[in-house]
Amino acid sequence: MFVRRSIGDVVFSTCNYILLLLLGIGTLFPFLNLAAISLNDAGDTLKGTVYVWPRVFTLENYSTIFANDGLAAAAVRSVIRTLVGTVLGVLCTAMLAYALSRKEFFLRKPFNVILIVTMYVNGGLIPFYLLVKNIGLMNHAAVYILPMLIGVFNVIIMRSYFEQLPEGIVESARIDGASDFQILFRIVLQISLPVLSTITLYIAVQHWNSWFDNYLYASRNENLNLLQYELQKILISSVNQVMSANTHIDATDARRTNPETIRAAMTIIVTLPILLVYPFLQKYFVKGMTFAAMKE
């Protein structure tokens, strides 16, 4: 049945569509611009005005990056770190959040206070470096996992979600003789897909993008170098080649090592895996973020 719309409704809808279109363009443009620069000739990029389409198409920027011998092995390590770190991180976060969500846990309030305080007060980089060194994690693969097992922000989000679950589910499971671990893994986590997907994406992106811990704690062991760290070294090498006054490369090679195009290609390389995973988690991620915003 056709419903006649008023002028006000038409104007309102039109403004909404225009606003959403502008937001979409503003969201997509930076990524399209990076893709165009990464596929554009390095020397031509120096002229500027490359927007969403490469002016002189080339794959030379990607060839320069993939020519690094240790890149493939570093990528495998980054994938392994992301998978292991995400699984263990979500597991530890869920267990701590569940404990803090239970009203019968007598240390619930002190632990909540302690966790929140750590969000605003910390010892800084030097004490943390000394701690890592003193417990023997330097140049060890565990340095990528153990310090990142628990994130306070993630715990707060997951705890808040657990608190709003019907109490009768837990109580009925207790009457049936289920332990806390059985309740958590067989019941609570089964009905908490939105928050699990949200936390999983947070932790996975954090592990995937991390390179500074590689630089600080494991740079002396080349067998522990990660993809992000190797890309960082490639970028630094490109900058040094361009800036060095005593370079021995010719003008053609100099034009092939434009740091701007290398940086753009690196960004595309490290962003694509997250973009491929995100659609599978988007539905639950949006639900989890909506709940977290309302709860907090």
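The model is a predicted one, and its largest pocket has a volume of about 380 Å³, while the second largest pocket has a volume of about 280 Å³. A search of the whole structure also finds one cavity of 30 Å³ or more, and helix 5 (108-120) is among the helices that supply at least two residues of its lining.

**Largest pocket**

- The largest pocket, with its volume of about 380 Å³, is lined by 19 residues, of which Phe128, Pro147, Met148, Gln206 and Asp213 are the closest to its centre.
- At least two lining residues of the largest pocket come from each of helix 6 (125-134), helix 7 (152-163), helix 10 (193-209) and helix 11 (212-217), and helix 11 gives the most, with four residues.
- By class, the lining of the largest pocket consists of 14 nonpolar, four polar and one charged residues.

**Second largest pocket**

- For the second largest pocket, with a volume of about 280 Å³, the lining is made of 13 residues, and those closest to the centre are Thr82, Leu83, Ala204, Ile274 and Val277.
- Helix 4 (71-101), helix 10 and helix 14 (259-295) each contribute at least two residues to the lining of the second largest pocket, with the largest share, five residues, coming from helix 4.
- The lining of the second largest pocket holds 10 nonpolar and three polar residues, and no charged ones.
- Helix 10 supplies at least two residues to the lining of the largest pocket, and helix 10 likewise supplies at least two to that of the second largest pocket.

**Cavity**

- The largest cavity contains about 30 Å³ of space, and its lining is formed by Leu100, Asn112, Leu115, Ile116, Val155, Ile156 and Arg159.
- Helix 5 and helix 7 each provide at least two of the residues that line the largest cavity, and the classes in this lining are five nonpolar, one polar and one charged.

**Helix 5**

- Within helix 5, the residues Arg108, Asn112 and Leu115 are buried, and, because the buried residues fall within an arc of 65° when seen down the helix axis, they line one face of helix 5.
- The buried residues of helix 5 pack against helix 4 and helix 7, whereas Lys109, Val113, Ile114 and Tyr120, on the other side of helix 5, are exposed.

Terms used: Residues are numbered from 1 along each chain as its sequence is written. This is a predicted model: local features need pLDDT of at least 70, side-chain atom pairs count only at pLDDT 80 or more; totals for chains, interfaces and linings use all residues. Side-chain values use heavy atoms; hydrogens and water are left out. On a 1 Å grid over the protein atoms alone, a cavity is a set of points where a 1.4 Å probe fits but cannot get out, and a pocket is an open set with protein on both sides within 12 Å along at least five of seven lines; lining residues have an atom within 4 Å of a point. Grid points are joined across faces, edges and corners, and a volume is the space filled by probe spheres set on the points. Ala, Val, Leu, Ile, Met, Phe, Trp, Tyr, Cys and Pro count as nonpolar, Asp, Glu, Lys and Arg as charged, and the others, Gly among them, as polar. Buried means under 20% relative accessible area, exposed over 50%, partly exposed in between (1.4 Å probe, protein chains only). The arc is that of the directions from the helix axis to the C-beta atoms. Contact means heavy atoms within 4.5 Å.
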